[in-house]
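Here are my notes on the model, as numbered points. Please read them with the structure open.

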Amino acid sequence: MPTVFRPDIDPVGNSLVLSSLVAMLPLLTIFVTLGALRWKAHWAGLAALAVAILVAVLPFGMPADLALLSATEGAVFGLFPIMWIVFGAIVLYQITVVSGRFEDLRASFHLISDDPRVQAIIIAFCFGGLLEALAGFGAPVAITGVMLMALGFAPLRAAAVVLLANTAPVAFGAVGTPIITAGRLTGIPYQEIGAYVGHQTPIIAFIVPLLLVFLVDGWRGVRQTWPVALVVGIAFAIAQWFAATYMTVELTDIVASLVGLAAAVILLRFWSPEGKDAAHESLAAEREKELATVGPDGSPVGGSAGTDADDAQAGDPAHTSRAELEERARSLTPGRIGMALLPYLLVIAVFAAAKLVTPITDWLAGTDRKIPWPGLDGEVLNHAGKPNSSTVYNFQWLSSPGTLLILCSLVVALIYKVSLGSWAKEFAGSAVKLRFAFLTVASVLALAYVMNLSGQTITIGTWIAGTGAAFAFLSPILGWLGTAVTGSDTSANALFATLQQTAGQQAGIDPTLLVAGNTSGGVVGKMISPQNLTIAATAVGLLGRESDIFRRVVLWSIGLVAVMCLLVGLQSTVLSWMLP
């Protein structure tokens, strides 16, 4: 048996169709176990991983040892850097809670508006977009999820809101990492790809605030708050378009989020929506009902079995009355507001320096360690017969956003006068709380690596790309699927960007448009990925009920990817004038 494995794109009966259908079995396993059978996400991820390994070894002919080694590399990548980033964000948040400063931050948002529908836009969309711009990889979902819970949202609704909000900013998330990755893989200047994406995702940004209001309070909420939803959506969309086209992808979401937030603040100084009391009462009743029920494992839905989720809820904020919150908001001074915002201002400064100041960027990059994966590197080729670069693991022990967030949490603890012992307690407690999330993400990234290195991913992509000119309409589906599986638009681009480029060249379609379409399609797949479902579930205390959250958001995801498919398809023909 040869020791070097080269994937075959049509191993099942020499048929690309049959091979693609077999390659889709791991993805089908994820959707069925989560959506229909309502398994816990970590069990769904492990089951899909087992199916992926079987498909890799049997029909695709990958040696079993290489399939297992692929899984180990993917699992480690899922833990570090991906879950390390989420973990760092949670630790930073916990320091703000134990210091008492989180209550001031909550009251600061209350000063902008005490309407829960508007707070969903400001916190989940604007503030979440800022967090996505800086850290990405699930950190916005984790932090804004607990913030909405602290403002009185019911767990399921809070999870659905933050997942739906975490869409439009994703393409430019983590300081433009998905687009930069696509540029490196395809050779297309990443600023050019970013400009194309900047003519696609603003459409999503424009409508998402309206969808969030509908998700919080139905048609009543839309009728009463549409002005602020439209203003924020338009401001964010225009700023995202302008920054992506004329500035830099690294700063796009930072600019868009701050402009959207500023637009909301200005409008709300002159106008306020009606019906906030009814919205508060509706959310309070729903929350009380949800927290009173019992989950499938016998624990209260508002907590989760053995996860200390109640500790993440800032001292059970359900018992903080609106009157108490308003009193705290009135007592705020500029100094207290500044201290409440300090952690996030610090994160902005640190990430801006790390990503945009060339000497610091180069120094941090120099600390990375490239590790050829033992037993795997050099033993797997890509479908073109060239060495697969995915078998080299990049250990970013210092440059990782997760490490920078941990360092920020230490600085914040020092400024907030939180003892090192208390910091260590929150560090350990966050690790315990996220243990099932670690398992889920490790299994899902292991699945992605097995599918990628064995050829399953490229088989599916080649099959879909065979549709010729019609591929422009289907292009975003690849990004959607890739992000749904990996939880990362960056990973979706790593899987499919080169394929999109090749398909475009063969079909006579602008390759840059298709690479951008892959990125834009991925942004709406993130809300249904097991990784992000688990992060959201952990944040709101519903760990083990990811399937319930999945059912709340899956139709939104399908609807939005259909919109993106139509847009990209038309941009390849009659709407080509939209492109830069």
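Predicted model: local features only at pLDDT ≥ 70, side-chain atom pairs only at ≥ 80, totals over all residues.

1. Which residues lie nearest the centre of the largest cavity? They are Leu27, Met451, Thr457, Val485 and Phe496, out of 12 lining residues. These are the side chains to display when you look at this site.

2. H21 gives the most, with five residues.

3. Now volume and count. The largest cavity has a volume of about 110 Å³. How many cavities of 30 Å³ or more does a search of the whole structure find? The search finds five.

4. Next, the aromatic rings. Over the whole structure, a search finds 18 aromatic pairs. Ring pairs join a set of residues into a cluster: Phe80, Trp84, Phe87, Trp373, Tyr393, Phe395, Trp423, Phe427 and Phe438.

5. On to one helix pair. Helix H6 (residues 116-134) and helix H9 (residues 173-186) have axes that come within 5 Å. The two axes cross at roughly 60°. H6 and H9 are therefore oblique to each other.

6. Which residues make the contact between H6 and H9? From H6 they are Glu132, Ala133 and Leu134. From H9 they are Gly173, Ala174 and Val175. By class, this contact has four nonpolar residues, one polar and one charged.

7. Where is Gly375 found? Gly375 sits in the loop between strand E1 (369-372) and strand E2 (392-395). Leaving out residues up to four places away in sequence, Gly375 touches Leu66 and Leu69.

8. Gly375 and Ala239 are 136 residues apart along the chain. Their C-alpha atoms are separated by 47 Å.

9. H6 and H9 cross at roughly 60°. The aromatic cluster includes Trp373, Tyr393 and Phe395. Gly375 lies in the loop between E1 and E2.

Terms used. Residues numbered from 1 in each chain as written. Heavy atoms only, no water. 1 Å grid on protein atoms, 1.4 Å probe; cavity = no way out; pocket = protein on both sides within 12 Å on 5 of 7 lines; lining within 4 Å. Points joined across faces, edges and corners; volume = space filled by probe spheres on them. Helix = DSSP H or I, 4+ residues; strand = E, 2+ residues; numbered from the N terminus. Phe/Tyr/Trp six-rings, centres within 6.5 Å; stacked < 30°, edge-to-face > 60°. Axes fitted to C-alpha atoms, helices over the stretch in contact; angles between N-to-C directions. Parallel < 35°, antiparallel > 145°, perpendicular 65-115°, else oblique. Contact = heavy atoms within 4.5 Å. Nonpolar A, V, L, I, M, F, W, Y, C, P; charged D, E, K, R; others polar.
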